[in-house]
Amino acid sequence: MLIAWQYLDKKAAAVEALKDYNSMQYIIEHSDEDIYEVETRMTSPHSAKITGVPGKHNPKSGEERLAACLDEIDVLKERYRRALEYMEWFKPAWEALSEEEQFILTEFFVNDVSKTEAVANIGEKLFLERAQVYRRKDKALNHLALLLYGK
């Protein structure tokens, strides 16, 4: 085992992984559309922009546009590959959590609400006091960190 692994703040890393979930899901759902848009831009002719400023002739502008689009497609495909890799790693751990743990972690770290609102929402739904909500959040976060990173 790598010695540096002992010094990783696994709870903080689990929180960051949890915060990335929606972004990764969005990338997976929309990458095909993004790539199609770039491919369309790559093959469609561009009209001259009327700015009143004389333009300069660049005989390689088509090649440059094509190369830029190919580079952008490569970036989108790499982003998609990483999102799939993330989901393959994260989803089994997430699904191993109980519904209550998922709800608590979602309220605290995924939904765009303040901590006060998250505590109120969790307390109201699960009939818990504030201190109990925080204890359950810590327990759920520890469980997720254990599932993602081990001991």
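Modeller: Before we start on the helices, a word about axes: they are lines fitted to C-alpha atoms, for helices over the stretch in contact, and angles run from 0 to 180 degrees between N-to-C directions. Please also keep in mind that this is a predicted model.

Colleague: Okay, so at what angle do α4 and α5 cross?

Modeller: The axes of helix α4 (residues 115-126) and helix α5 cross at roughly 100° and come within 9 Å. Angles of 65 to 115 degrees count as roughly perpendicular, and α4 and α5 are therefore roughly perpendicular to each other.

Colleague: Which residues meet there?

Modeller: From α4 there are K115, V119, I122, G123 and L126, and they meet R130, V133, Y134 and R136 in α5. The residues of this contact divide into five nonpolar, one polar and three charged.

Colleague: And how do α3 and α5 cross?

Modeller: Helix α3 (residues 99-110) and helix α5 (residues 130-149) have axes that come within 9 Å and cross at roughly 105°, which makes α3 roughly perpendicular to α5. On the α3 side, the residues in contact include I104, L105 and F108, while those of α5 include A140, L141 and L144. This contact divides into nine nonpolar residues, one polar and four charged.

Colleague: Changing topic, where does α1 bend?

Modeller: Helix α1 bends at H30, by about 55°. As for its length, the 34 residues of α1 (residues 10-43) should span 50 Å at 1.5 Å a residue, and the end C-alpha atoms are 46 Å apart, which agrees.

Colleague: Last one, how many aromatic pairs are there?

Modeller: The structure holds eight aromatic pairs. One of them is F90 with W94, which is stacked, with 6.0 Å centre to centre and 20° between the planes. Both F90 and W94 lie in helix α2 (residues 61-96), four residues apart, about one turn of the helix.

Definitions and conventions: Residues numbered from 1 in each chain as written. Predicted model: local features only at pLDDT ≥ 70, side-chain atom pairs only at ≥ 80, totals over all residues. Heavy atoms only, no water. Helix = DSSP H or I, 4+ residues; strand = E, 2+ residues; numbered from the N terminus. Expected span 1.5 Å × (residues − 1). Bend = angle between axes of the 7 residues up to and from the residue. Parallel < 35°, antiparallel > 145°, perpendicular 65-115°, else oblique. Contact = heavy atoms within 4.5 Å. Nonpolar A, V, L, I, M, F, W, Y, C, P; charged D, E, K, R; others polar. Phe/Tyr/Trp six-rings, centres within 6.5 Å; stacked < 30°, edge-to-face > 60°.
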